[in-house]
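Colleague: I have just opened this one and would like a tour. Could you take me through it slowly?

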Amino acid sequence: MESRYNKNVGSRYGSPRTPREEKIEMIFGSRPILEAMLAGKTLEKIFLQRGSRNSTTDEITDLAKKFDVPVASVPVEKLNNLTRKNHQGAVAFLSTISYAPLAEIVTSLFEQGKSPLLLILDRITDVRNFGSIARNAECMGVDAIVIPSRGGAQINADAIKTSAGALHLVPVCREPNLKDTLDYLKDYGVQIVACTEKTEQSLTDNEVDMTGPTAIIMGSEEDGISPEYLKRADARLRIPLMGQIGSLNVSVATGIILYQAMSQRLHDSSNSGQPR
């Protein structure tokens, strides 16, 4: 089964690397943060002290919007909790990974005659769940993980460790608006499959073909997939449960539906004699 994006995005397609402890670097002060952004550094998140607006913080905010970096306006107590150093009202975290451009990945896969398998995460905020999901995705042949630029888990040391290094292997795409992303993928011929309890269609019925270009969307454990995203789904699938507990951990549910997609693709590949 060959479906891997083959550009220089992390080490997704190189030899596996031994997971290592990651330490997220923190930047203090508005000027160093601005210089880091101008130098092309990838930032995970920026915290600016509430009420401390000036020309430098305005420039930081403008660049953050351009590069889809989340910016939070917080009280000084929050910054003091982040660090004891002289932060001067601004703290940022460098990203532990380099985010990949979704459009380039999808275009490249189609140009290679391959069928994309994408995973879209709607408000998965627990870093360990996120890391576990990334590990599932790498093992099941997902070509890219798509996350929102706001409202998702921070990709920190815990996420990297829980992923067993998968976050250095699977491209991660950070999108400013998942609604627009879903519309873009649908226009490109990618089927959107929602894993949700709000449907009668069971995953075990095996009636949804995921051998073609497919993006599977998973929602938060609190309230599932956002309604505006759910209505854009081409298919909705639920995982049948036989126990008394009414739901699965989102990382477990993700592994189950990704296994179904992989199983279909392996079967299709063996029958056709062609890589997907």
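Modeller: Helices (H or I, at least four residues) and strands (E, at least two) are DSSP runs, numbered from the N terminus. On that basis the secondary structure of the protein comes to nine helices and 10 strands. This is a predicted model, in which local features need pLDDT of at least 70 and side-chain atom pairs count only at pLDDT 80 or more, while totals for chains, interfaces and linings use all residues. Residues are numbered from 1 along each chain as its sequence is written, and side-chain values use heavy atoms, with hydrogens and water left out.

Colleague: How much of the protein counts as buried?

Modeller: Of its 276 residues, 50% count as buried, where buried means under 20% relative accessible area, exposed over 50% and partly exposed in between, with a 1.4 Å probe and protein chains only.

Colleague: Which strands make up the sheet with mixed pairing?

Modeller: That open sheet has four strands in the order 1-4-2-3, and two strands are said to pair if DSSP finds at least two bridges between them. Strand 1 (26-28) and strand 3 each have a single partner strand, so they stand at the edges and one side of each lacks a neighbour in the sheet.

Colleague: What about strand 2, is it covered or open?

Modeller: Strand 2, residues 43-49, is mostly covered, with five of its seven residues buried. Five bridges join strand 2 to strand 4 (residues 90-94), and these two run antiparallel; there Lys45 has Phe93 as its bridge partner, and Ile46 stands opposite Ala92. Towards strand 3 (residues 71-74) strand 2 runs parallel and is joined by four bridges, with Gln49 partnered by Val74.

Colleague: And what lies between strand 2 and strand 3 in that β-α-β unit?

Modeller: Helix 2 (residues 55-66) does, and with strand 2 and strand 3 it makes a right-handed β-α-β unit. Right-handed here says that, with the strands pointing away from the viewer, the path from the first strand over the helix to the second runs clockwise.

Colleague: Changing topic, what is the order of the six-stranded sheet?

Modeller: The order is 7-6-5-9-8-10, in an open sheet with parallel pairing. Strand 7 and strand 10 (235-237) stand at the edges, since each has a single partner strand, so one side of each is left without a neighbour in the sheet.

Colleague: Which residues of helix 4 are buried?

Modeller: In helix 4, residues 102-111, they are Leu102, Ile105, Val106, Ser108 and Leu109. Seen down the axis of helix 4, they fall within an arc of 165°, so they line one face of the helix; the arc is that of the directions from the helix axis to the C-beta atoms.

Colleague: What covers them?

Modeller: The cover includes strand 5 (117-121), strand 6 (144-148), strand 7 (172-175) and helix 7 (178-187).

Colleague: Last one: where is Thr199, and what does it touch?

Modeller: Thr199 is in the loop between strand 8 (191-195) and strand 9 (214-218), and at 16% relative accessibility Thr199 counts as buried. Leaving out residues up to four places away in sequence, Thr199 touches Arg236, Leu237 and Arg238, a contact being heavy atoms within 4.5 Å.
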